[in-house]
Amino acid sequence: MLGGLFIYNHKGEVLISRVYRDDIGRNAVDAFRVNVIHARQQVRSPVTNIARTSFFHIKRANIWVAAVTKQNVNASQVFEFLLKMLEVMSSYFGKISEENVKNNFVLIYELLDEILDFGYPQNTDTGVLKTFITQQGIKTASKEEQSQITSQVTGQIGWRREGIKYRRNELFLDVIEYVNLLMSPQGQVLSAHVAGKVVMKSYLSGMPECKFGINDKIVMDAKMDVAGSSDESQRSGKTSIAIDDCQFHQCVKLSKFETEHSISFVPPDGEFELMRYRTTKDISLPFRVIPLVREVGRTKMEVKVVIKSNFKPSLLAQKIEVRIPTPLNTSGVQLICMKGKAKYKASENAIVWKIKRMGGMKESQISAEIELLQTDTKKKWTRPPISMNFEVPFAPSGFKVRYLKVFESKLNYSDHDVIKWVRYIGRSGLYETRC
Amino acid sequence: MTDSKYFTTTKKGEIFELKSELNSDKKEKKKEAVKKVIASMTVGKDVSALFPDVVNCMQTDNLELKKLVYLYLMNYAKSQPDMAIMAVNTFVKDCEDPNPLIRALAVRTMGCIRVDKITEYLCEPLRKCLKDEDPYVRKTAAICVAKLHDINASMVEDQGFLDQLKELLSDSNPMVVANAVASLTEINEASSSGQPLMELNAATMNKLLTALNECTEWGQVFILDALSQYSPKDEREAQSICERITPRLAHANAAVVLSAVKCLMKFMELMVSDSEFVKNLTKKLAPPLVTLLSSEPEVQYVALRNINLIVQKRPDLLKHEMKVFFVKYNDPIYVKLEKLDIMIRLASEANIVQVLSELKEYATEVDVDFVRKAVRAIGRCAIKVETSAERCVSTLLDLIQTKVNYVVQEAIVVIKDIFRKYPNKYESIISTLCENLDTLDEPEARASMIWIIGEYAERIDNADELLESFLEGFHDENTQVQLQLLTAIVKLFLKRPTDTQELVQQVLSLATQDSDNPDLRDRGFIYWRLLSTDPGAAKEVVLAEKPLIAEETDLIEPTLLDELICHIASLASVYHKPPSAFVEGRTGLRRALPKSSGGSDNDSAGDQQQQQQQPTVIPNQDSLIPDLLNMDINAPPVVPTAQSAFSGGTLDLLGGGLDSLLGGSGAEVGSSPAPGIPPVAPSSTAGLLGDIFGITSSSAPVYSPPKQIWLPANRGKGMEITGTFSRKNGVISMDLTLHNKAMQPITGFAIQLNKNSFGITPAAPLNVPAPLAPNQSIDVSLILSTSGPVQRMDPLTNLQVAIKNSVDVFYFATVMPMHIFFCEDGAMDKRVFLSTWKDIPSQNEVQFNIENINMNADGISNKLQSSNIFTIAKRNVEGQDMLYQSIKLTNGIWVLTELKVQPGNTTIVLSLKSRATDVAQGIFEAFDGILHF
């Protein structure tokens, strides 16, 4: 597996270097710096092979993280691990920056010692790690506490510790969906999909078993087969949605989902991502963007963009932002918009039009006159797509939470005593219209 | 308090200062000092001088300090082995600590200190820790065994750690099981014996599959990767494993998903390909693969490289998912390029319209590489989907109108290919192409354009002017362009001899008199001579019809693809290279997909034959070269891979043989032949002489099948290879005709054969005397011996050949006729024959009909005898002649046959019996060939 792990700043100076295997020498640190960080060309691949040594790297902000190996390792595991490692680190000390890495280097070494052994990833669950890697010196824990720690690190339910108690048992469910769209200038949908996730915050006592129900077509159909009621199947036929694929947090019993289509789990304490899913059918697109671009001679361009909201009039969309790219040789822009505020941002080569709120079934437009400098570069401007950001209070895929039941047999609270909150948020992913 | 201050000390005398701080009485000060030491170590300063002082800090009850000291130790112990011994006592003591975290820490660290003396002390604590009551200590100890194996493999075996590790596979704690699996897998791969240490049997499988449901995400990956190396005994077992693995496809971790995909792809090979189960499984595979495309870009990249392999293996899997591979504006460039590749693979008549409009969009982007690839992709679509060709060509024309320099050039290069695929269809666009002549500045584009002008000179009115314009700067052009220009002008002259005489003379003199380039000069001279002696012949040569180009040019060669499928998710699948190409030293056994038991054998045989008739050149050559060339050096000549998957009969075929072959025939001659030289039959002296004088010693001419084209010129970059095999007087030889159809001389020939069923290997290097001039051909005979490494091929007589020359390395496969393995000493004693015939079970008997034989029994017998098929006895039963014959193969296998010849009937019946029935088909083909010779 991994032979070593290095963290560099943007200049290529080493901040952390941990070597796990004998076949990785100090020269590997320099090889990566010279061949990748200092390479003049843009990096063409996240995996680089230098002298029979493979480097996997991830760059976040100004920090380079590189994993090194000489073996034929599982590449997806390495990247997943690096991402997970960044997650663990940021849950310990916030943003991954040069300063934070330097400030916490002892902690990072301690973490690296724990989460990688001989290059093999071990338990990386933040909640569990925080129970015994603290940087506070070892608390002289009692024998019971020690064995509790070790059984959690290695245990079947490695993500939750025993003996959690809350006075008020409460849980929050956020259904967050990202709508992705690519539309042709003529308004034809080239591709559209929703990437959704269910984030759960649980404040529950004991070791509760949860059952989660959604309006997934397969699940609903399976239910129908059992119930056999035709009346119900008609009703559900309308409200159920077709989920292309879904993935679950490691607490969910996958074999049970496969056989019984039921989502059951013992949740970690606090916030976690319960499931991720993807749909492509019957997506209600909250906004439609209609662009009109006219090039008037060589020094002038006229752009008109209309946005239409396409959801129930009683709902309100927020944080709407339309970004219209402008040519590099733009010298001036005149803007007229009916609603919100628009600004030409020369540094970003774009017109940014912001609207705070907008109701459903409304329409708004912006027109811009763009003056261009005459240039002799023959290179054509490629017209990047117009992109859009927004947030709406519903799930564009039609996803619905049907129930979330909590069972805790050992403690004396029942499903009815748990306070539950559900919220739906639809956000823009890559929401682009070509022009 | 922050730690960053430790990075800033750059004073002189720092080491001295640290030393005093490390020896301070105050705990806090000590800890600060150790932190400073670690910070210096991180940035690459040498702080090894502080070794004793740091080790002194080891005995502390502060866990944080202890960890820091351990970190230091792991880094420097190797450079100070004697002093590292000082630490041993503390380690051993810590392994007994009541706190499990400290026990584990000690055993974990000790395993990382690669000092022999310390390793000795490691054994006892490790043994205890493997049995520790705490699972955390056990899981750490499990990995420690792999560490120890890396330092001292024999110690691990001697001390019985392997057995202890295997016991951990049944541990109650899932994480212990997972780490034990990881550890065993690593030891397996590094093991020198090549024998798997961990036999995955049904019971262990069950345990692993249970642990799979319970352990951490990383543990699941270890287990799945290990499971993928298991070979289920039958289809049912494979199905039940698949059923238990399928739920993993819904895991949030991409590594778990991809490893599960690997297992499923591999086990699916064992099932009937059109069964309901496989159909369901393929349906389940597609969505998780698509979902991987919404992960982080780096994970996406790995997923895309794998999907590229998967769609080559199972093209139907994602055929409806084209849209998800559309490129997003903000994708990193490496994701964009990979998506583009997959789009081309998935392009079909059903989706070509969408694909084309996307590709056209991409061709206007910024990144030059990406744009070029997009333009090239449009050309590939035209060649792949015939119905779309017209649309593609018009798209390319649109792109040419944009006048973006590199787009135009790339478009012209692909249009040349389109012309070659669909001749006489799109030539109307030539005028548009000609307009862009001035903007072309890259050699490839210039050469393509010149080729087009020359090829269609009769349709371009001003072809002479256009070509003349290139002539002005002839000597500044790239060789590629010069050669094309020369040929194009000659073509033009042959098509329009009246007004271009001056031009052709000009170019010929430029090429022959003013050029230093031998290739160019030679080609010039050849044209000159051709034109001056026989213009008619020149026309036939220069204007000859060209073969069409192939549809898909960049497919990965099938055996490599199969191997890569076994490595899904790993680096090999990212590089698209076998592990041996980038991993040093032993790389373990090559993996191969299990052979399907389901599919009907006839079909697969038919496929195979087709493949052999069109030997394939591997397009992605650089990836294979190290592999093929290293193969024989690295791998031990034992019978490798998947052997256990085959029946006992096969083992017999592969085993032994070689020794008896060499020894046996040597003894008969009375002197043992030198190793590597094939045995010579008793009649050798006469035979050899006869051979030299071109007379064959036997009464009938020795059969040798007619030469076949093994490597057509268009695949061999101009080198055409035809060849056959023969056996004369106990010497097997490969008779090759090398024909240089390229425009430049070829030199530096060398040959290498892949491991094969009969251990065929060159007995001498390939000897091609002089450089092979253009249009010259040469006959070479390569003597072969059967002492090479043996690997079962399918079909048995398949032989993979690599030929190297000054141009490149080429790979192709061919089938060896079985008769070259028939030994001279194959005449069996009558009684032995009889008892052997009875001994071989009757299910091993195979019957064939040989048609159109107009010979009597004696004629047949004589003819067969010359190819070492010996008639033992002849009987006449009810008017039919029965011939009983024996054959001995070079690997010691005996084949007994019975021929039924009816006078007046041209069909004779061949029944044959052998302990290894796999050879039957080959023997039949040999009979058929010899008798029709």
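## Chain B as a whole

Of the 933 residues in chain B, 57% count as buried, a term that stands for under 20% relative accessible area, with exposed meaning over 50% and partly exposed the range in between (1.4 Å probe, protein chains only). This is a predicted model, in which local features need pLDDT of at least 70 and side-chain atom pairs count only at pLDDT 80 or more, while totals for chains, interfaces and linings use all residues. Residues are numbered from 1 along each chain as its sequence is written, chains are lettered from A and ligands numbered from 1 in the order in which they are written, and side-chain values use heavy atoms, with hydrogens and water left out.

Chain B contains 40 helices and 13 strands; helices (H or I, at least four residues) and strands (E, at least two) are DSSP runs, numbered from the N terminus. Among the contacts in chain B that join residues at least 6 apart in sequence, 67% are between residues at least 24 apart, where a contact means heavy atoms within 4.5 Å.

## Confidence in chain A

Chain A has a mean pLDDT of 87, and 93% of its residues reach 70 or more; pLDDT is the predictor's confidence in each residue, on a scale from 0 to 100. Over residues 228-237 of chain A, however, the pLDDT is below 50, and this stretch has 6 contacts in the model beyond near neighbours in sequence. Where pLDDT is low, the predicted coordinates should not be read in detail.

## The interface between chains A and B

The contact draws 88 residues from chain A and 101 residues from chain B. About 8,600 Å² is buried between the two chains, with carbon and sulfur atoms giving 55% of that area; buried area is the accessible area (1.4 Å probe) that two parts lose on being put together, summed over both. Across this interface there are 14 salt bridges, each defined as a side-chain nitrogen of Lys or Arg within 4 Å of a carboxyl oxygen of Asp or Glu. One salt bridge joins the side chains of Arg60(A) and Glu296(B), at 2.8 Å from N to O.

Between chain A and chain B, 44 residue pairs are in polar contact, both residues being at pLDDT 80 or more; a polar contact is a pair of N or O atoms within 3.5 Å, and within protein one must be able to donate a hydrogen and the other to accept it, with residues adjacent in sequence counting only if both atoms are side-chain atoms. On the side of chain A that touches chain B, the largest share, 8 residues, comes from helix 2 (residues 75-93) of chain A.

Leaving aside residues up to four places away in sequence, Arg434(A) touches residues of both chains, including Leu182(A), Met183(A), Pro385(A), Glu361(B) and Tyr362(B).

## Salt bridges within chain B

A search of the whole structure finds 67 salt bridges over all chains. In chain B, Asp150(B) pairs with Arg114(B), their closest N and O atoms being 3.0 Å apart. This pair links distant parts of the chain, 36 residues apart, since Asp150(B) is in helix 9 (residues 135-151) and Arg114(B) is in the loop between helix 7 (100-112) and helix 8 (116-130) of chain B. Asp150(B) is partly exposed at 35% relative accessibility, and Arg114(B) is partly exposed with a relative accessible area of 23%.

Asp171(B) forms a salt bridge with Arg138(B), with the closest N and O atoms 2.8 Å apart, and both of these residues are buried. Lys262(B) and Asp225(B) form another, at 3.1 Å between the closest N and O atoms; Lys262(B) lies in helix 16 (residues 254-268) and Asp225(B) in helix 14 (residues 217-227) of chain B, so the pair ties together parts that are 37 residues apart in sequence. Both Lys262(B) and Asp225(B) are buried. Salt bridges that share partners also join Arg372(B), Arg376(B), Glu410(B), Glu442(B) and Glu444(B) into one network.
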